[in-house]
Amino acid sequence: MPEHVVIVGSGPAGWAAAIYTSRANLNPLAFEGAVTEDNRLQGTLPLGQLALTTEVENYPGFPAGDLSEYYRTALPSEHHWMIDMHQKEGCSGPELMHLMRQQATNFGTKVVTDDIVEVDFDVHPFKLKSMGGQEIEALSVIIATGARANYLGLPSEEKYKNAGVSACAVCDGALPRFRNKPLVVVGGGDSAVEEADYLSKFASTVYLIHRRDELRASKIMAQRAIDNPKIDIQWNSVVDEILGNDTDGVTGVRLKSTVDESTREVEAGGAFMAIGHTPNTNFLEGKLEMTDKKYLKWTVPFRTNTSVEGVFAAGDVADDYYRQAVTAAGTGCMAALDAERWLAAKGL
Ligand code: NAP
């Protein structure tokens, strides 16, 4: 028997789609991704990018801080029992993702810890194949595989991955090799500032390397970097080479000025990349319409339809503009409703 809905991906879009389709009795099957070294290195482990962040400050419903006084004043007295449940600081990314996964499984979502590596959308029921060799037939599919961090593409960067080069400060920043040493973060967006801020708790200094003279990050985040005495912003600079040796791994970076091409070396025990993202759509090449940047195309305005009828897309895999946890969850819900209505209209 084919599955009614197969969901590929396990970030907020995937779990929101799972929660809605399971509550609609569609008995969804979710492929949450495989736990492999390759996936760890490229940041595509189950639970997605949020599992690689610290505090989530902007997901509605999870205000940061000690919430007990908030509950005491905001809730009627019969709900004060909630105060004991929430005597802690806000919510972390991994916590939020585990809660979403739990919420989906509570309603009966079946979860497989594996990657989908092949799809055939020319036939119906659609055919999908997992890395572990499982073959699945599906009446509808929701793609929610998200996006992963970019790297600069330098051979020296590749050489020192796992030896001081990382694209995830939260995963790797607390390792002993990075403690009390100067570190480098590359990029000027919110991610770069967030990573620099996080690393400043462990590092002696964090050099934030940005190719322009103005940060792209939101005003509040940019000010946080400027105000942090341990963050030293190197304006108008790019990393030209990661420096290191086989014993110590990364020992520094060579910077090149974007103004006059001059170079200088900076000592550093690690280099963290925060230069944007690439959607996880390799396995869909030639199967679904994509943008120039390989994001999936939504083909109907205000709907999550892709170029194949019965296949829907949700979250960062189809969105290079908003890229927020709440928008991903929102489009996950939309994809679930779109799939449910499509199946009903087809009598499937
Ligand atoms: P982003 O906003 O696209 O920023 C990427 C940064 O990397 C830019 O500053 C860009 O420089 C730089 N860059 C790109 N390619 C480069 C290269 N080859 N060499 C050197 N620098 C390069 O990506 P992001 O920071 O990951 O943020 C993505 C989205 O997530 C945004 O919407 C952001 O607001 C959101 N986000 C929010 C939070 C939060 O609210 N807590 C945290 C993280 C991310 P230019 O500026 O010159 O283009």
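I'll start with serine 130, which sits in strand β5. Keep in mind throughout that this is a predicted model. Serine 130 counts as buried, because its relative accessibility is 2%, and the cut-off for buried is under 20%. What does serine 130 touch, once residues up to four places away in sequence are set aside? The list is Phe31, Asp114, Asp115, Ile116 and Val117.

Proline 125 is in the loop between β4, residues 116–120, and β5, residues 126–130. The peptide bond leading from histidine 124 to proline 125 is cis, with omega near 0 degrees.

Two other residues have a backbone angle to look at. Asparagine 27 is not a glycine, yet its phi is positive, at about 55 degrees. You will find asparagine 27 in the loop between α1, residues 12–23, and β2, residues 29–31. Asparagine 27 is partly exposed, since its relative accessible area is 42%. The second residue is arginine 323, also not a glycine, with a positive phi of about 50 degrees. Arginine 323 belongs to the loop between β17, residues 311–313, and α10. With a relative accessible area of 37%, arginine 323 is partly exposed.

Is alanine 339 buried or exposed? At 0% relative accessibility, alanine 339 is buried. Leaving out neighbours within four places in sequence, alanine 339 has contacts with Ser140, Ile142 and Phe312.

Another helix with buried residues is α8, which covers residues 190–199. Its buried residues are Ala192, Val193, Glu195, Ala196, Tyr198 and Leu199. What do the buried residues of α8 pack against? Two helices are on the list, α7 (169–172) and α9 (219–227). The strands are β9 (182–186), β10 (205–209), β11 (231–234) and β15 (270–273).

The last topic is salt bridges. How many does a search of the whole structure find? The search finds 12 salt bridges. I'll go through some of them.

Glutamate 37 forms a salt bridge with arginine 40, and the closest N and O atoms are 3.4 Å apart. Both residues are in helix α2, residues 37–42, and they are three residues apart, about one turn of the helix. In general, an α-helix has 3.6 residues a turn, so residues three or four places apart point the same way. Glutamate 37 is partly exposed, at 42% relative accessibility. Arginine 40 is partly exposed too, with a relative accessible area of 34%.

Another salt bridge joins the side chains of lysine 159 and aspartate 246, at 3.9 Å from N to O. This pair links distant parts of the chain, 87 residues apart. Lysine 159 is in helix α6, residues 155–159, and aspartate 246 is in the loop between β12, residues 237–245, and β13, residues 249–257. Are these two buried or exposed? Lysine 159 is exposed, with a relative accessible area of 52%. Aspartate 246 is exposed as well, at 72% relative accessibility.

The side chains of aspartate 240 and arginine 254 meet in a salt bridge of 3.1 Å, N to O. Aspartate 240 is in strand β12 and arginine 254 in strand β13, so the pair ties together parts that are 14 residues apart in sequence. Aspartate 240 is partly exposed, with a relative accessible area of 24%. Arginine 254 is partly exposed, at 24% relative accessibility. This pair also belongs to a network of salt bridges, in which Asp240, Glu241 and Arg254 are linked.

Conventions:
Residues are numbered from 1 along each chain as its sequence is written. This is a predicted model: local features need pLDDT of at least 70, side-chain atom pairs count only at pLDDT 80 or more; totals for chains, interfaces and linings use all residues. Side-chain values use heavy atoms; hydrogens and water are left out. Buried means under 20% relative accessible area, exposed over 50%, partly exposed in between (1.4 Å probe, protein chains only). Helices (H or I, at least four residues) and strands (E, at least two) are DSSP runs, numbered from the N terminus. Contact means heavy atoms within 4.5 Å. A salt bridge is a side-chain nitrogen of Lys or Arg within 4 Å of a carboxyl oxygen of Asp or Glu.
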